[in-house]
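The following exercises are to be worked with the sequence and the model at hand. Each task is followed by a solution in steps.

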Amino acid sequence: MKPAEIALLKKWIAAGAKWPEAPAAAPPQPGELVGDLAFLRRATLDATGRIPTPEEIAAFENDAPETRRAHAIDRLLEDKGWADRWTPYWQDVLAENPNILKPNLNNTGPFRWWIHESLYDNKPMDRFVTELVMMRGSVYGGGPAGFALATQNDVPMAAKAHVLSAAFLGTDMKCARCHDSPYHSTKQGDLFSMAAMLERKPITIPKTSSVVFDPHARKPLITVTLKAGTKVEPGFAFHDLAGGVPDGVVRDGSDSRERLAAWLTSPNNWRFAEVLVNRMWERLLGRGIVEDPDDWEGRDPSHPDLLRYLARDFVIGGYDLKRTARLIMDSHAYQRAARAQVGAEARFFAAPQPRRLSAEQIVDSLFAAAGKDLATEQLNMDIDGASPASTMMNLGYPRRAWEFASLSNERDRPALAMPRAQSVVDALEAFGWRSSRQAPESHREQGVNALQPATLLNGNVSRRIASLSDDSAFTDLALRDQSVEALVEATFLRILTRRPTPKEAQTFARMLADGYADRLTPQDELPAESAQKRERYVSWSNHLSA
């Protein structure tokens, strides 16, 4: 600046003038609604975890234009695929982590079937959480008692308290396991008193869950308020969030688990309702009203009135997640064309954020497009049933991608390999699926990597899907008496849920035209069918037997 300009600026500041405020940025303009078929694809993936079938596309297009979207939402929310879509989300959030072979490292029981059954029945979420906290039923047979298991963990219930507080209170107490949280207000006592409620008795802090300081070292950045050997009584530290419990709710006041379940799910606990509706909003629009679904401390909601409205409607509606999903999916905010937004712009929800398909959505949609079943081996290393469930777990024949678990034991016992199951697991892992869930997570790693196109182009599971076998929907399409143009359109609809552009239609029709009229082999020239060979399974107890 020139001397005269500096003198003028000093005079201006001395006179008490303020820096001119920058004009407030105008909110971004709402995006346009997506087309009908794009909406159907988005809604079907969100509600059922797979792309729409040709029959669903036809039913949608045959509906009246003014009602087809609302009717589609109703149909999709009643589809049994709702449970298949949302089970993997809750497996991640609740750290469901079984292992089919000698589970012995912080593994849980397979409470996946209880999650799936609860979602299939649209169980109210206050009851869902109550059953989870009470941990009754079978440990290895799929009941919520499987949530209680945390093998080789010095304080299993501290791990469970961490899961519950993040999942249903938006309070991340991961650091409080060994010391007070350095960047949060939670203390060790908050976590361990909640763990003692789950344990139904006082907990003594083990040495392995407490940081020991060297008195001669520099002052640490963390503090430890619970020394090893301290006894912590059962108690609930979040009354400021959860409010009180109405009279008559707790049947057995001496059962600390029941008291904890009542505190978490009380209608006075607005944090519980707000956390759950925020999770649904975040999954459907790509960003939460509170940005981190697991950690609300220091984060204000972008739209507090909207969050409050959704939470109150959720409670009034009987803690029904489908009711909340219907409200969101029927809104303009959900049905607009997605576009990438950053910073303050993203907080307006002028458009949904672009979202990558989950690993389960990709695998399930590929098999759905081909009209094929997963058809893998039984997820079991003890086919003859010689071992107890505590050492050999049977997860059955998977029907959807969420049913898979770690197959890492195969590297130690090649004779026990499951090649078909492994091909599906390889594809899932390439797209961010976790075979081991030793800690709860709401967001997976979904970055782009070289394995993804390699898996889709060259992987065994892709070859199975693309193969024109007798059970392939593409084989059926190729055998139909229809023009090559009709084949191209049907294939586009089946895979991409849209019709080809004129240029695409012309390009693919030209590629397929040569030999299309002579594509069928005469019946008398077909090879004779070979007899199916009976599969001989190898189990843990017989894999060394000739």
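## Exercise 1: A surface patch

Met-511 is exposed, at 58% relative accessible area; here exposed means over 50%, buried under 20%, and partly exposed in between (1.4 Å probe, protein chains only). The model is a predicted one, in which local features need pLDDT of at least 70 and side-chain atom pairs count only at pLDDT 80 or more, while totals for chains, interfaces and linings use all residues. Residues are numbered from 1 along each chain as its sequence is written, and side-chain values use heavy atoms, with hydrogens and water left out.

Task: State which helix holds Met-511 and which patch includes Met-511.

Solution. 
- Step 1. Met-511 belongs to helix H23, residues 502-513. Helices (H or I, at least four residues) and strands (E, at least two) are DSSP runs, numbered from the N terminus.
- Step 2. Together with Phe-508 and Leu-512, Met-511 forms a nonpolar surface patch with about 290 Å² of accessible area. Such areas come from the Shrake-Rupley method with a 1.4 Å probe, and for residues only the protein chains shown count as cover.
- Step 3. Patch members have over 30% relative accessible area and no salt bridge; like charges are joined within 9 Å, and nonpolar side chains (Val, Leu, Ile, Met, Phe, Trp, Tyr) within 5 Å.

## Exercise 2: An enclosed helix

Task: Explain why helix H11 is described as largely enclosed, and identify the residue that caps its N-terminal end.

Solution. 
- Step 1. Helix H11 covers residues 256-265, and nine of its 10 residues are buried, so the rest of the structure largely encloses this helix.
- Step 2. The buried residues include Arg-257, Glu-258 and Trp-263.
- Step 3. The N-terminal cap is Asp-255, which places a side-chain oxygen 3.0 Å from the backbone nitrogen of Arg-257. A polar contact is a pair of N or O atoms within 3.5 Å; within protein, one must be able to donate a hydrogen and the other to accept it, and residues adjacent in sequence count only if both atoms are side-chain atoms.

## Exercise 3: A threonine in helix H5

Task: Determine whether Thr-87 is buried or exposed, and describe its surroundings.

Solution. 
- Step 1. Thr-87 lies in helix H5 and is buried, with a relative accessible area of 0%.
- Step 2. Its side chain reaches the backbone oxygen of Ala-83 at 2.5 Å.
- Step 3. Leaving aside residues up to four places away in sequence, Thr-87 touches Arg-112, Ile-115, His-116, Leu-119 and Trp-402. Contact here means heavy atoms within 4.5 Å.

## Exercise 4: Two cysteines

Solution. 
- Step 1. A disulfide is a covalent bond between the sulfur atoms of two cysteines.
- Step 2. Cys-175 is partly exposed at 34% relative accessibility, and Cys-178 is partly exposed at 27%.

## Exercise 5: Salt bridges

Task: Characterise the salt bridge between Arg-437 and Glu-96, and name the network in which these residues take part.

Solution. 
- Step 1. Side chains of opposite charge can pair when their charged atoms come close. A salt bridge is counted when a side-chain nitrogen of Lys or Arg is within 4 Å of a carboxyl oxygen of Asp or Glu.
- Step 2. By this rule there are 32 salt bridges. In one of them, Arg-437 meets Glu-96 with an N to O distance of 3.3 Å.
- Step 3. This pair links distant parts of the chain, 341 residues apart: Arg-437 is in the loop between helix H18 (419-430) and helix H19 (451-458), and Glu-96 is in the loop between H5 and H6.
- Step 4. Arg-437 is buried at 2% relative accessibility, and Glu-96 is buried at 0%.
- Step 5. Glu-441 forms a salt bridge with Arg-434, with the closest N and O atoms 3.7 Å apart. Through shared partners, Asp-92, Glu-96, Arg-112, Glu-360, Arg-434, Arg-437, Glu-441 and Arg-444 are joined into one network.
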